[in-house]
Amino acid sequence: AWPAFARFCQQHRGHIVETLAATTVQTTFADRCAVVLPGIAHVAEQAPAPLHLIEIGCSAGVLLTLDSYAYAYQGHARLGAANAALTLTTEVIGDPSRHIAQIARRNGLDLRPLNARDPQDHRWIIAQTFPEFREQRRQLATALDIVAQTDIRMVAGNALDTLPAILAQTPDPVGLFHSVA
């Protein structure tokens, strides 16, 4: 396989170099929402009103639409709408908060946020899913379709520079998070 790959890279060197100079690696998996949801739910339990989410390192905003998915936590009742386009399954340890928080506003901060409505960005993020991760690729494609239909304010730049202004413009209660795969 290596000779074919090396040949491909040599034949398309210009395009590859141009792509790498203009983009960043943006990997994300929709199933990360199943892990983030209990923390967001816990914060929402403490809040008197719907949360205003701010995600640092949001990529295309898949985690910012966590309230649009259904969840099947092994050994617990399913959460979310019965007709949800995407159901995420995971195990839970302990007894974390298991409900879907009401979300008011969604803000995503990223050095180079991707636009789920842009076919090129959509293809780029899907292309970064390992080929053998077929189910994760399907989930991500479905999640990106949901993100494309959701009002999310995306802000490009370093969060150290952009976060103070976003916080100043966002009413309470705020759910601020960052996740790492």
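Let's start with a pair of charged side chains: aspartate 67 and arginine 106 meet in a salt bridge, 2.7 Å from N to O (a side-chain nitrogen of Lys or Arg within 4 Å of a carboxyl oxygen of Asp or Glu). This is a predicted model, in which local features need pLDDT of at least 70 and side-chain atom pairs count only at pLDDT 80 or more, while totals for chains, interfaces and linings use all residues. Residues are numbered from 1 along each chain as its sequence is written, and side-chain values use heavy atoms, leaving out hydrogens and water.

The pair links distant parts of the chain, 39 residues apart: aspartate 67 sits in the loop between β1 and β2, and arginine 106 in strand β4 (residues 103-110). Helices (H or I, at least four residues) and strands (E, at least two) are DSSP runs, numbered from the N terminus. Arginine 106 is buried at 10% relative accessible area, whereas aspartate 67 is partly exposed at 23%; buried means under 20%, exposed over 50%, and partly exposed in between (1.4 Å probe, protein chains only).

The whole structure holds 2 salt bridges. In the other, glutamate 135 joins arginine 138, with the closest N and O atoms 2.6 Å apart. Both residues lie in helix α5, 3 residues apart, about one turn of the helix.
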